[in-house]
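The following paragraphs are a guided reading of one protein model. Please keep the sequence and the coordinates at hand while reading.

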Amino acid sequence: MQGVMSTREAIARAFAVGLDLVEISPNAEPPVAKILDYGKFKYEQQKKRNEARKKQKVVEIKEVKVRPNIDENDYQVKLRAMKSFIGEGDKVKVTLRFRGREMAHQELGVKVLERIRADMDVETKVEQMPKMENRQMVMVLTPR
């Protein structure tokens with residue numbers, strides 16, 4: 001802590017010890033500056049940015065495809081896969097595909113998606129409610 005001083009005096013002090021005068025917060029009143037090695041300062045800032053980038057989690061959308069007349073065992077396998085995706089912090093897009101005459105019984109597809117939503121209710125919330133897109137119904141789940 002050197003206290004409040006003129007810019008010329010601060011530069012002279014920094015030059016005397018062989019370091020740089022770095023402005024830390026220019027918007028403060030009066031502006032705050034430090035006497036330090038600028039190259040080392042930039043290097044440490046870069047290291048902090050890289051460390052923050054490493055800790056960042058990129059959320060992916062994993063897709064699980066089901067059918068309206070899915071068997072119980074297949075359903076449980078898909079459910080386990082969805083739970084593991086949610087556990088990793090990813091979103092899950094559940095796509096229910098209709099083929100042929102299954103289009104006439106879309107309520108079966110709605111029941112399957114409602115069952116998935118009910119089974120996953122504890123660890124997920126619905127980001128996108130089930131909606132028809134051509135011959136498929138889509139629902140997106142996100143971790144709570």
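Lys-91 is partly exposed at 22% relative accessibility, where buried means under 20% relative accessible area, exposed over 50%, and partly exposed in between, for a 1.4 Å probe and protein chains only. The model is predicted, so local features need pLDDT of at least 70 and side-chain atom pairs count only at pLDDT 80 or more, while totals for chains, interfaces and linings use all residues. Residues are numbered from 1 along each chain as its sequence is written, and side-chain values use heavy atoms, with hydrogens and water left out.

Lys-91 also takes part in a salt bridge with Glu-127, in which the closest N and O atoms are 2.9 Å apart. Glu-127 belongs to strand β5 and Lys-91 to strand β4 (residues 91–97), so the pair ties together parts that are 36 residues apart in sequence. A salt bridge here is a side-chain nitrogen of Lys or Arg within 4 Å of a carboxyl oxygen of Asp or Glu. Helices (H or I, at least four residues) and strands (E, at least two) are DSSP runs, numbered from the N terminus. Glu-127 is itself partly exposed, at 48% relative accessibility.

By the salt-bridge rule, the count comes to 7. Another of these pairs joins Arg-115 to Glu-72, with the closest N and O atoms 2.7 Å apart. Arg-115 sits in helix α4 (residues 106–119) and Glu-72 in helix α3, so this pair ties together parts that are 43 residues apart in sequence. Arg-115 counts as partly exposed at 35% relative accessibility, and Glu-72 counts as partly exposed at 39%. A further salt bridge links Lys-62 with Glu-60, at 3.7 Å between the closest N and O atoms. Lys-62 is partly exposed at 24% relative accessibility, and Glu-60 is partly exposed with a relative accessible area of 41%.

UniProt lists, in an unreviewed entry, "domain: Translation initiation factor 3 C-terminal" for residues 59–143. Over that span the chain is 35% helix and 36% strand, and the end C-alpha atoms are 10 Å apart. The record also gives "domain: Translation initiation factor 3 N-terminal" (unreviewed entry) for residues 2–52. Residues 2–52 are 51% helix and 22% strand, with end C-alpha atoms 32 Å apart. UniProt positions are given in the numbering used here, feature names are shortened, and annotations may be inferred rather than shown by experiment.

What separation is found between the C-alpha atoms of Arg-13 and Glu-102? These atoms are 82 Å apart, for residues that are 89 positions apart along the chain. Arg-13 is located in helix α1 and is partly exposed at 33% relative accessibility. For Ile-70 and Met-120, 50 residues apart along the chain, the C-alpha separation is 17 Å. Ile-70 lies in the loop between β3 (61–66) and α3 (72–87), and its relative accessible area of 21% makes it partly exposed.

The surface carries two patches to examine. Ile-11, Val-17, Leu-19, Leu-21 and Ile-35 make a nonpolar surface patch of about 390 Å². Patches are made of residues with over 30% relative accessible area and no salt bridge; like charges are joined within 9 Å, and nonpolar side chains (Val, Leu, Ile, Met, Phe, Trp, Tyr) within 5 Å. Accessible areas come from the Shrake-Rupley method with a 1.4 Å probe, and for residues only the protein chains shown count as cover.

A patch of positive charge gathers Lys-65, Arg-97, Arg-99 and Arg-135 on the surface. Lys and Arg count as positive and Asp and Glu as negative, whereas His and the chain ends are not counted. The place of a charge is taken as NZ of Lys, CZ of Arg, CG of Asp or CD of Glu. Arg-135 is found in the loop between β5 (124–133) and β6 (136–143) and is partly exposed, with a relative accessible area of 41%.

Two points of backbone geometry remain. Asn-134, in the loop between β5 and β6, has a positive phi of about 60° although it is not a glycine. At 74% relative accessibility, Asn-134 counts as exposed. The peptide bond from Glu-29 to Pro-30 is cis, with omega near -5°, and Pro-30 is located in the loop between β1 (20–25) and β2 (32–36).
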